Amino acid sequence: MTQFVLAGVLGVLFALGTFLVLRRDIVRVVWGVTIISQSANVYLVTMGGLSGSVPVLAHGGHGGGGHVTDPLVQALVLTAIVIGFGTTAFALVLTYRVYEEHGTIDLLELGEKA
Amino acid sequence: MSGQFVIAPLLVALVTAIATLLTRRFGRAQVTLSLLGGLGYLGAVAWLVSEVDPLGATNVYSYQVSGWQAPFGITLVADSLSAFMLAFSAVIALAALVFSSAYVDTFGQRVSYHPLYHFMLVGVTGSFLTGDIFNLFVWFEVMLMSSYVLVVFYSGPEHTRAALQYVVLNLVGSAVMLLAIGGLYSTTGTLNMADLSRRVADPAAFGGFSVAPVLGLSALLFAVFALKAGLAPFQFWVPAAYRAAPAPVSAMLAGVVKKVGVYAIIRVYFTVFAGAAFSGLSLPGLSVPEGESALLAFYGPILFVMAGASIVVGGLGAVGRDDLDGLLAYSSIGQVGFIVLPLAIAATATDPEVRVLGVAAALVYALNHGFAKSLLFMASGAVYDAVGTEQFPDLGGLSETAPWLSGGFFVGIIALVGIPPLSGFFGKMLVFDAAGRTESGLGLPVALFGAILTIAYFSRAWNRGFWGEPSMLVQHGDTRFTLVAVVVALAVAIAVLGVGFDVVMRAAEAGAHAALNRQEYVDTVLGGVESSGGGGHA
């Protein structure tokens with residue numbers, strides 16, 4: 001059941017991200033990119049498989065027995081989140097710089113100036 | 001075999017980056033440290049190359065970080081392929097660093113230039129050396145993050161606009177790469193490239209997972225690599241970004257960073273996925289060949305079309321440009337097509353000899369383009385520094401006022417056109433040789449058309465920028481010694497590489513053998529780990 005819910009949520013998130021990336025407003029574009037990269041992270045977690053118990057609990061023999069959730073994907077997601085923070089911060093600063101230089105955050109106007 | 005020297009270039013670049021960050025209050029000390037770091041980086045790479053020995057048998061060395069054995073820990077791998085790429089990157093990096101110490105204004109250098117430059121170098125080195133596909137993503141990010149800031153370095157109107165495009169595109173690319181990596185992990189149950197290579201070649205021994213998804217996921221990954229390499233149809237960010245960045249940074253972006261994408265294509269498709277076989281898989285409108293190296297045969301036509309499109313788009317774009325930097329940026333799209341064309345031939349070839357020739361041709365051309373294009377970008381930077389413009393209508397007669405600079409520029413041009421005895425002649429010859437060995441022979445006219453376009457736009461650049469009567473601006477321009485010296489030094493290096501081509505060719509062939517020798521790569525990296533049938537997880 002969880003799989004289907006997550007698959008649906010992922011689809012909606014990716015669609016929303018793509019929709020925002022295609023907007024004229026730069027801030028929305030940055031939002032879109034952020035949503036896409038966050039949904040990539042959620043996707044990464046689901047790729048580790050959802051069955052099984054928590055590794056730490058299972059290790060001590062209290063929890064769900066031998067079957068554990070893959071902990072590696074969590075490590076990957078952690079790395080990806082940290083990188084995502086950095087790039088998002090940079091993209092926002094860049095948006096501000098673009099506004100300072102051009103006086104607009106409308107991509108259409110920006111394109112006309114080129 | 002393991003060796004500590006594998007991480008030496010990485011450590012040198014990282015330490016230099018941090019050292020220049022700490023000393024940014026002391027301008028002189030920072031520049032000195034940065035230059036010393038660049039020199040040390042070249043030394044570390046030379047050490048690595050001498051250990052890997054690209055002129056002898058193909059050796060593979062792996063370094064298991066923290067002593068965690070291969071499929072579980074992070075692995076760094078140095079073989080003849082990565083040694084070849086690192087060797088020419090290190091030379092270009094040092095040249096560009098010397099150039100920028102004179103070219104970039106003092107305030108810019110003090111604030112951020114040197115740390116960013118070295119962090120970019122860290123990312124490039126890591127991408128060349130990593131043996132882990134998620135790590136490749138991380139190194140890409142390190143490299144890109146620094147290059148974002150370097151592209152927006154001057155932060156004027158056109159720079160912020162170019163950087164915005166570059167950043168958004170690469171962020172989407174990173175998300176796509178994560179999707180591909182997650183899918184590959186879920187399908188094959190590993191992230192280590194050697195382990196991945198072993199598993200896709202023989203899925204039955206590892207839990208019998210289905211190989212079919214690997215084809216689609218590798219295509220996702222391919223789009224990301226093509227984006228980094230600036231191959232058509234992913235080339236549109238290239239001209240704006242290259243024009244916005246400071247000249248030595250454009251030289252690095254075109255000469256080295258682009259080659260990371262090319263390297264990733266060679267490594268991942270020729271070493272890692274080459275063994276995958278797809279039996280009983282049929283896609284509407286696409287034929288998936290059967291048997292060994294089916295995946296390569298699938299990518300061959302795709303690579304070919306992209307290479308051809310890049311050659312045509314880049315060449316035609318360059319012919320119409322009215323500024324030097326724009327012309328060089330478009331030309332670099334076309335030249336990447338020339339690097340990928342022999343790769344396409346190598347992918348479709350069934351004869352192992354042709355396959356080696358194709359990859360070696362791509363490597364030689366990558367080296368030639370690395371040297372020549374970084375020379376040209378730096379020469380264009382020196383012109384801008386002297387004259388204050390790069391628009392052809394305002395230029396002219398530079399060969400009279402700045403003979404050394406013009407001479408260096410000319411060597412760069414004829415190296416890319418392919419005049420003997422420069423390295424470009426052999427690069428072009430090998431590309432044509434490989435193109436002539438395909439059954440269809442379609443590669444030859446494409447390569448020929450591209451070569452003619454190259455002559456056309458470079459003779460135009462030369463005629464309008466360097467010949468004729470010196471314009472007003474040019475007459476009053478003054479070239480600076482350091483900038484010209486770097487350009488001339490690179491020109492001499494190109495000539496030396498051409499005359500001593502025997503060594504380059506042997507190194508490129510060793511690199512090609514290393515790329516195609518899957519078994520040795522797998523054996524060394526996994527270091528005798530028994531193939532336990534773990535396989536995919538639930």
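Biologist: In chain A, where is confidence lowest and where is it highest?
Modeller: This is a predicted model. In chain A the lowest confidence falls in helix α3 (residues 55-60), with a mean pLDDT of 54, and the highest in α2(A), at 92. The chain A average is 84, and 83% of its residues score at least 70.

Biologist: And what does chain B average?
Modeller: Chain B averages a pLDDT of 87, with 93% of the residues at 70 or above. Over residues 530-538 of chain B the pLDDT is below 50.

Biologist: How many contacts does that stretch have in the model?
Modeller: Residues 530-538 of chain B have 20 contacts, beyond near neighbours in sequence.

Biologist: What ipTM does the complex get?
Modeller: The predictor gives an ipTM of 0.90, along with a pTM of 0.91.

Biologist: On to the interface. How many residues of chain A are in contact with chain B?
Modeller: 35 residues of chain A are in contact with 29 residues of chain B. The area buried between the two chains is about 2,700 Å², and carbon and sulfur atoms give 81% of that.

Biologist: Which helices of chain A supply at least two residues each to the side that touches chain B?
Modeller: α2 (26-47), α4 (72-102) and α5 (107-113) of chain A. The largest share, 15 residues, comes from α4(A). By class, the side of chain A that touches chain B has 21 nonpolar, 10 polar and four charged residues.

Biologist: How many salt bridges does the structure hold over all chains?
Modeller: The structure holds 10. In chain A, a network of salt bridges links A:Arg97, A:Glu100 and A:Glu101.

Biologist: What does B:Asp195 form a salt bridge with?
Modeller: Its partner is B:Arg199, with the closest N and O atoms 3.4 Å apart. Both residues lie in helix α7 (residues 193-201) of chain B, four residues apart, about one turn of the helix.

Biologist: Are B:Asp195 and B:Arg199 buried or exposed?
Modeller: Both B:Asp195 and B:Arg199 are buried.

Biologist: What about B:Asp322 and B:Arg464, what do their side chains meet in?
Modeller: A salt bridge, at 3.3 Å from N to O. B:Asp322 is in the loop between α11 (294-319) and α12 (324-348) of chain B, while B:Arg464 is in helix α17, so the pair ties together parts that are 142 residues apart in sequence. B:Asp322 is partly exposed at 35% relative accessible area, and B:Arg464 is partly exposed at 32%.

Biologist: Which residue forms a salt bridge with B:Asp385?
Modeller: B:Arg480, with the closest N and O atoms 2.7 Å apart. That pair links distant parts of the chain, 95 residues apart: B:Asp385 in helix α13 (residues 352-387) and B:Arg480 in the loop between α18 and α19 (481-499) of chain B.

Biologist: Changing topic: is B:His114 buried or exposed?
Modeller: B:His114 is buried, with a relative accessible area of 0%. The residue lies in helix α4 (residues 106-129) of chain B, and its side chain makes a polar contact of 2.7 Å with that of B:Ser34.

Biologist: And B:Glu469, buried or exposed?
Modeller: B:Glu469 is exposed, with a relative accessible area of 66%. Not counting residues up to four places away in sequence, B:Glu469 touches B:Gly396 and B:Gly397.

Key. Residues are numbered from 1 along each chain as its sequence is written. Chains are lettered from A and ligands numbered from 1 in the order in which they are written. This is a predicted model: local features need pLDDT of at least 70, side-chain atom pairs count only at pLDDT 80 or more; totals for chains, interfaces and linings use all residues. Side-chain values use heavy atoms; hydrogens and water are left out. Buried means under 20% relative accessible area, exposed over 50%, partly exposed in between (1.4 Å probe, protein chains only). A polar contact is a pair of N or O atoms within 3.5 Å; within protein, one must be able to donate a hydrogen and the other to accept it, and residues adjacent in sequence count only if both atoms are side-chain atoms. pLDDT is the predictor's confidence in each residue, from 0 to 100. Contact means heavy atoms within 4.5 Å. Buried area is the accessible area (1.4 Å probe) that two parts lose on being put together, summed over both. Ala, Val, Leu, Ile, Met, Phe, Trp, Tyr, Cys and Pro count as nonpolar, Asp, Glu, Lys and Arg as charged, and the others, Gly among them, as polar. A salt bridge is a side-chain nitrogen of Lys or Arg within 4 Å of a carboxyl oxygen of Asp or Glu.
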